[in-house]
Amino acid sequence: MKGRIILVIGTIFLFAFLSGLLGYVTMGGPDLETAYHEGNVEITQKSSAGEVPHTIEVKNPGQRPVRVKTGTILRSETSGDLVTAEDAEVAPESSAEVLAYSLEPERRTMKGFDLEPAGTVPSLMQDVISSSNPENPQEAFRTQLMIWVLARGDDLNIYRGEVYATVKGRDMRFYQLRDNITAVKSELASEYGLTEDQLNEVNLNSSLLNRSQSPFKIFSMLEGLKNRFGAIP
């Protein structure tokens with residue numbers, strides 16, 4: 001039985017690798033950061049402080065498509081940093097709007113300012129973003145709170161910057177936001193095996209955010225396979 005489980009897990013990882021490779025070959029063209037440093041793309045903040053998720057515009061005046069990958073950090077000297085919330089392909093000589101989340105809770109995002117790609121968020125945070133649907137308002141808000149918790153831990157100040165703007169924009173009370181933060185902390189603890197102390201001390205530079213995909217999700221995928229194809233002997 002253990003051998004069959006290992007085989008299934010191996011198959012899952014192989015499928016994920018081949019899917020990523022196929023996507024790379026099929027989409028072609030440079031990724032967002034490469035295109036930016038080649039001078040072939042412009043990235044502009046389109047939404048205002050407090051919106052969840054945010055919207056950015058990617059202009060591609062070049063002759064090759066540009067690939068936008070979920071989890072790409074977008075920095076700004078003036079506006080708050082963002083992280084892309086979805087994969088996209090921007091066709092040559094065109095532009096596209098891409099959804100993104102706030103990555104700097106203490107700084108407001110400012111409409112109209114330019115953004116610069118600067119690597120990707122750690123793998124655990126990327127998994128959180130990839131696992132939700134940014135076009136679903138409820139899921140997007142939940143994911144945004146998770147990102148802020150993972151980025152700042154117990155240092156998250158709910159009375160400043162983008163967090164403050166989000167609360168006011170949603171006509172919430174701050175006690176309601178605190179309740180929501182407590183709820184997403186419980187979800188993170190359950191999903192990724194994090195302790196309360198870890199969640200309080202976590203930040204973008206924490207090594208625990210470099211974990212690979214949650215082991216609990218592997219078992220969830222196995223359970224789904226079992227339900228679909230029958231019990232694994």
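1. In this predicted model, Arg107 and Glu104 are joined by a salt bridge, and their closest N and O atoms are 2.9 Å apart. The two partners differ in cover. Glu104 has a relative accessibility of 13% and therefore counts as buried, the limit being under 20%. Arg107, with a relative accessible area of 25%, is partly exposed.

2. A salt bridge also forms between Glu187 and Arg142, where the closest N and O atoms are 2.7 Å apart. Glu187 belongs to helix 6 and Arg142 to helix 4, so this pair ties together parts of the chain that are 45 residues apart in sequence. Glu187 is partly exposed at 31% relative accessibility. Arg142 is likewise partly exposed, with a relative accessible area of 31%.

3. Arg64 and Glu38 meet through their side chains in another salt bridge, at 3.6 Å from N to O. This pair links distant parts of the chain, 26 residues apart. Arg64 sits in the loop between strand 2 (54-60) and strand 3 (66-68), while Glu38 sits in the loop between helix 2 (32-37) and strand 1 (42-45). Arg64 counts as partly exposed at 46% relative accessibility, and Glu38 is partly exposed with a relative accessible area of 42%.

4. How many salt bridges does a search of the whole structure find? The count is 7, and among them are Arg107 with Glu104, Glu187 with Arg142 and Arg64 with Glu38. As background, side chains of opposite charge can pair when their charged atoms come close.

5. The largest nonpolar core has 37 residues, of which Tyr101, Met125, Ile129, Leu177 and Leu188 touch the most other members. Two or more residues come from each of strand 7 (94-102), helix 3 (123-130), helix 4, helix 5 and helix 6 (174-192). Helix 4 makes the greatest contribution to this core, with 9 residues.

6. Is Asp154 buried or exposed? Its relative accessibility is 52%, so Asp154 counts as exposed, for which the limit is over 50%.

Technical notes: Residues numbered from 1 in each chain as written. Predicted model: local features only at pLDDT ≥ 70, side-chain atom pairs only at ≥ 80, totals over all residues. Heavy atoms only, no water. Buried < 20%, exposed > 50% of the residue type's maximum accessible area, 1.4 Å probe, protein only. Core = buried A, V, L, I, M, F, W, Y, C linked by side-chain atoms within 4.5 Å. Helix = DSSP H or I, 4+ residues; strand = E, 2+ residues; numbered from the N terminus. Salt bridge = Lys/Arg side-chain N within 4 Å of Asp/Glu carboxyl O.
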